[in-house]
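Good morning, and thank you for making the time.

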Amino acid sequence: MALLEIANVRKSFGSLEVLKGVSLTVEPGEIIAIVGRSGSGKSTLLRCINALEGINSGEIRFRGEPVRQNMKNLRLLRQRMGIVFQSFNLFPHLKVERNVTLAPVLTGKVSKADARELALEVLTRVGLSEKIDAFPGQLSGGQQQRVAIARCLAMSPELMLFDEATSALDPELVGEVLRVIEDMARNDLTMILVTHEMNFARNVSTRLIFMNEGMVWEQGPPAELFANPKTEEFASFIRATKQA
Amino acid sequence: MRAFSGSDLIYLLYALQWTVALVVIALAMGAPLGLALALMRTSRRRLPRYIAMVFIEVVQGVPLLGLLVFFYFGVPLLAGREVAPVIAVSIAFTAYSASFLGQIWRGGIEAVKGTQWDAAACLGITKWQQFRYVIGPQAFRMSLPPTVGLLVQLIKGTSLVSIVGFVELTRAGQIISAATFQPLLVYSCVAVIYFSVCLPLTHWARALEGRLNGAA
Ligand SMILES: Nc1ncnc2c1ncn2[C@@H]1O[C@H](COP(=O)(O)OP(=O)(O)OP(=O)(O)O)[C@@H](O)[C@H]1O
Ligand SMILES: [Mg+2]
């Protein structure tokens, strides 16, 4: 069964239609990179996937279950997918350990006694075990983003969503975060990455999606797509990113 | 006639107990109600928002003295029987502190970035857990200076219950002053006692404010 099925999803903010019938199926193990111009609806699509935003029509199913659900079931679904935001959104009043273990403890995934061990384990995966007792404000942007990733990993998600995880970072900090994401990709975690890092999208993803005007405009294996853009819109998008 | 003496001072300090008791009651009962009001005020649903707004507007639109008198005479009428004055007065103070705490904390909740709600919601924890562990503590930190400020207002506000015959600090001062005919001395003592209770709190609030501004 597909991990995620997005069928004909439409979403408007007031009179502005942002998603104009998006359809997309994600199989387990796929690494999907979504690229596209600013305002094309990439973030909105990710936010619809975990029901942070409602949709106007169409359907989104996670392992066959619609994400438009009563709160209890939605919570259970959200426990199985992680999302990483551009702005990290760590909890500034909590130490790194607590940031990472809050949800696993509250949802009963791990006991209070084993929480620190879990924190150490996921922080080690992102290379930050020594920061377990720091507050987010004491970390660099790249470190904060890696903690945000660890916070998701602690829930053992089946799907990871990344919304421009490196866009808010200084250039010299981008690499450390991308390396962590690459490492997750190698470990067969299914991921949807919205990114502006074209090289990263090309090298890491198994499928590239070009979103334009609220639709999936082109998709396919990244190397092929970059070599042979089928539409003028994607071709000009590639040219524009090369100039930048 | 007698002169103001050490035992009068002890009497004043003793009366301070009632002042403290009223403040403790106002906080102990006003804080949960204030929290409920703040949550209702920031709710996505219209009805709770509206109810909380009306409560806050009405209570804040009446002077504290008016509230005291209203509940002092009103509660026995509504209850249809004698009610201990301390209960009526406590209700008035609870309503007063709840409405202001509700207002202050609402501001704190709204000052926490919406992205914190998003991040917490995405973890699959309940709405209450999101508030309890993520939003609330941050909101409370930001609200702490004005909350301490309100505490000072409450302490000074308790002087008004002397009107309805409570022997708290101010009323005790009146009694001693009448007995000794040394109003200036007596009320100076009363003022110094209020001052020495409130001053550390005021300073604390200012220090908190400075620390929060420094941290931001
Ligand atoms: N909550 C909202 N209310 C109103 N309009 C919104 C809201 N969120 C997004 N939009 C609008 O929807 C459109 C798509 O936004 P979205 O954030 O999905 O684009 P994006 O592809 O992620 O762009 P970027 O690359 O800049 O992040 C934009 O025009 C944006 O202004
Ligand atoms: Mg975006």
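Let me begin with a term: two residues are in contact if their C-beta atoms, placed from the backbone, lie within 7 Å. Please also bear in mind throughout that this is a predicted model.

On that criterion, how many residues does each chain bring to the contact? Chain A contributes 17 residues, and chain B contributes 16 residues. On the side of chain A that touches chain B, the elements giving two or more residues are α2, residues 71-78, and α3, residues 96-106, both of chain A. Sorted by class, that side of chain A consists of 9 nonpolar, 6 polar and 2 charged residues.

I turn now to the sheet in chain A. Strands of a sheet pair through backbone hydrogen bonds, in either a parallel or an antiparallel sense. Here, 6 strands of chain A make up an open sheet with mixed pairing, and their order is β6-β7-β8-β3-β9-β10. Which strands lie at the edges? They are β6 (81-84) and β10 (215-220) of chain A, each of which pairs on one side only. On average, and ignoring direction, neighbouring strands of this sheet are turned by 20° against each other.

Strand β3 of chain A, residues 31-36, pairs with strand β8 of chain A, residues 190-194, in the parallel sense, and 4 bridges join the two. In this pairing, A:Ile31 stands opposite A:Met191 of β8(A).

Next, the ligand. Which residues surround ligand 1? The shell comprises A:Phe13, A:Leu16, A:Val18, A:Gly36, A:Ser38, A:Gly39, A:Ser40, A:Gly41, A:Lys42, A:Ser43 and A:Thr44. At least two residues of the shell come from each of β2 (16-26) and α1 (42-49) of chain A. The largest share belongs to α1(A), with 3 residues. By class, the shell around ligand 1 holds 3 nonpolar, 7 polar and 1 charged residue.

Finally, I come to chain B. Its secondary structure comprises 8 helices and 0 strands, and along the sequence the pattern reads α-α-α-α-α-α-α-α. The C-alpha atoms of chain B fill a box of roughly 75 × 50 × 25 Å along the principal axes. Of the 216 residues in chain B, 38% are buried. Among contacts in chain B with a separation of 6 or more, 74% link residues 24 or more positions apart.

Thank you for your attention.

Definitions and conventions:
Residues are numbered from 1 along each chain as its sequence is written. Chains are lettered from A and ligands numbered from 1 in the order in which they are written. This is a predicted model: local features need pLDDT of at least 70, side-chain atom pairs count only at pLDDT 80 or more; totals for chains, interfaces and linings use all residues. Ala, Val, Leu, Ile, Met, Phe, Trp, Tyr, Cys and Pro count as nonpolar, Asp, Glu, Lys and Arg as charged, and the others, Gly among them, as polar. Two strands pair if DSSP finds at least two bridges between them. Axes are lines fitted to C-alpha atoms, for helices over the stretch in contact, and angles run from 0 to 180 degrees between N-to-C directions. A residue is near a molecule or strand if its C-beta atom, placed from the backbone, lies within 6 Å of it. A residue is buried if 20 or more other C-beta atoms lie within 10 Å of its own, exposed if 12 or fewer, and partly exposed in between; C-beta atoms are placed from the backbone.
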